[in-house]
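Open the model in your viewer and keep the selection panel at hand. The stops below go from a helix pair to a ligand site and then to a set of strands.

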Amino acid sequence: MKEEARYDFFRRELMAWFARSHRPMPWKGEKDPYLVWLSEVILQQTRVEQGLPYFERFRAAYPDVGSLAEAPEDELMKMWEGLGYYSRARNLQQAARFIVQELGGQFPATYDGLLRLKGVGPYTAAAIASFAFGLPHAVVDGNVFRVLARFFGIEASVDSSAGKKQFAGLAQALLSREQPGSHNQALMDFGATQCTPRSPNCTACPLHTACRAFQQGRVEELPRKGKKPAKKERFFHYLIFNRNGMAWIRKRTEKDIWRNLYEFPLLELARPAQAEADIRNSTCWEQRLGAGATARVSQASRPFSQVLTHQKIQATFWEIGLADEAPFNSEGLIAVKRENLSKFAFPRIIDWYLNDNSLYLEDSLTNIKPHLP
Ligand code: SF4
């Protein structure tokens, strides 16, 4: 099949498949650029089933760019809690404020204008431009890489800059000029539900007669990816100081993961703690309780793990009971009743601990060691 005919076949069969397999979602067919943007940002790195209730909640709480711009930051982070990649939420609000303050509340209506919004890259700009404004910009995400790599038998790695350029050029050349929004949506849906990463049902695929990967038995090999760098491992120890039903938390403000979320006083070590002495001899313990403090560690949790894009976090939680008269330095901390902790936005790993009381190790330091790696 000649290349031009291959393009035509691809477009025709893709759109026919889309007409048959259309998955109704609240953001599909949406023309309001604000709602398209909101849905795209929520769905980045998130499964549709998980993102859907968040989209509904955000749309109800912040129906337009003005209400998002004015949302209290803590409220926004709490709404976002559980979605991860919190910089997306911060960027959303910064961009909303930019639109209100610098653009008179008018959403940018061009691809280049969209790219000026904080957190909006080529993918999101193309999605908003094509869905909301019908502009001919092709979206290129992981699903699109996979479909194009397989159908056209492309060997270039999707994470090399030459590969990215090649895929972006091909996606743009394939794009339907008459229906760019539907074409983009169809291609993304096709990658998500038909040309899946593992074990796609190729014999039932409408593209299989011309799909190079299928014809050449290379479906599992494509798309090619470079080796990922190893994730950095970090070991967090959260010290939960308790007194009369109160605990102390702080807001993370450093330029690091989970900025603007809350946490308990943190001791970060280069390795897992081997014994309670590692906690007692730490600067964090001394800063809060003073040298030689005799406070009692009443519980230590099992290790909890959370894998982020570039890091793997292992967290252990140490419950420390404070007597009424015991000195405690609460500088930089907020005292909160334990029953009110759920009102604050925490990283997921802390939520897991708080929701997992049944897994605490019981009140015995002699029991700690066997549970730590
Ligand atoms: S035949 Fe298989 S590999 Fe090719 S496009 Fe269809 S699902 Fe993807």
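**Helix pair**

Select α2 and α8: α2 passes α8 in a right-handed crossing, meaning that the near helix is turned clockwise from the far one by less than a right angle. The model is predicted, and local features need pLDDT of at least 70, side-chain atom pairs count only at pLDDT 80 or more, while totals for chains, interfaces and linings use all residues. Residues are numbered from 1 along each chain as its sequence is written. Helices (H or I, at least four residues) and strands (E, at least two) are DSSP runs, numbered from the N terminus.

Now show Pro33, Val36, Trp37, Glu40 and Val41 of α2 with Thr124, Ala127, Ile128, Phe131 and Ala132 of α8, which make the contact (C-beta atoms, placed from the backbone, within 7 Å). These contact residues divide into eight nonpolar, one polar and one charged; Ala, Val, Leu, Ile, Met, Phe, Trp, Tyr, Cys and Pro count as nonpolar, Asp, Glu, Lys and Arg as charged, and the others, Gly among them, as polar.

**Ligand site**

Next, select the ligand. It is surrounded by 14 residues, the closest being Cys195, Pro200, Cys202, Cys205 and Cys211 (C-beta atom, placed from the backbone, within 6 Å). α9 (142-152) and α12 (212-215) each give two or more residues to this shell, and α9 gives the most, with three.

**Strands around β7**

Finally, select β7 (residues 311-321), which pairs with β1 (residues 232-243) in the parallel sense over 11 bridges; pairing requires at least two DSSP bridges. Phe241 has Ile320 of β7 as its bridge partner. On β5 (residues 296-300), antiparallel to β7 over four bridges, Ala300 stands opposite Trp318. A hairpin of three residues joins β6 to β7.

Methods:
Two residues are in contact if their C-beta atoms, placed from the backbone, lie within 7 Å.
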